[in-house]
Amino acid sequence: NLNLAEFVNAFKSASSRNIRKQFSEKLKPYYRKPYFWSLSYFIGTVSDRTSTAVREYIKNQKNE
C-alpha cells in the first residue's frame, strides 16, 4: 500500500530541491519565497473502461 499524500509530499520536496539546484539563476527572479509548488494537489482515478478515452483526451490536448 502507498500513502498518496506522503508520496506527493516527497515528490514535490525532492523535485523542488532538484529544480532549484539545476536552475537557480533562471528561477531567482520568479521565486523569492521558499515555496516552489503550491500546497495543494489533485489525484484522480478512472476505470478500465474510460482509461483509453482519458489517454486520447490527454494526447489530443496539444492539438487544441
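Leaving aside neighbours within four places in sequence, with which residues is Lys12 in contact?

## Surroundings of Lys12

Contact being defined as heavy atoms within 4.5 Å, Lys12 touches Trp37, Ser38, Leu39, Ser40 and Tyr41 once neighbours within four places in sequence are set aside. The model is predicted, with local features requiring pLDDT of at least 70 and side-chain atom pairs counting only at pLDDT 80 or more, while totals for chains, interfaces and linings use all residues. Residues are numbered from 1 along each chain as its sequence is written, and side-chain values use heavy atoms, with hydrogens and water left out.

Lys12 is buried (under 20% relative accessible area, against over 50% for exposed and in between for partly exposed; 1.4 Å probe, protein chains only). Lys12 has no salt bridge, that is, a side-chain nitrogen of Lys or Arg within 4 Å of a carboxyl oxygen of Asp or Glu.

## Helix H1

Lys12 belongs to helix H1, residues 4–22; helices are DSSP runs (H or I, at least four residues), numbered from the N terminus. The buried residues of H1 are Val8, Lys12, Ser15 and Ser16. They line one face of the helix, because they fall within an arc of 110° seen down its axis, taken from the directions from the axis to the C-beta atoms. The face turned away carries the exposed residues Glu6, Arg17 and Lys21.

## Salt bridges

The count comes to 2 salt bridges. Lys28 pairs with Glu25 (3.1 Å, N to O). In helix H3 (residues 48–59), Lys59 pairs with Glu56, the closest N and O atoms being 3.4 Å apart.

Definitions and conventions:
Helix = DSSP H or I, 4+ residues; strand = E, 2+ residues; numbered from the N terminus. Lys, Arg positive; Asp, Glu negative; His and termini not counted.
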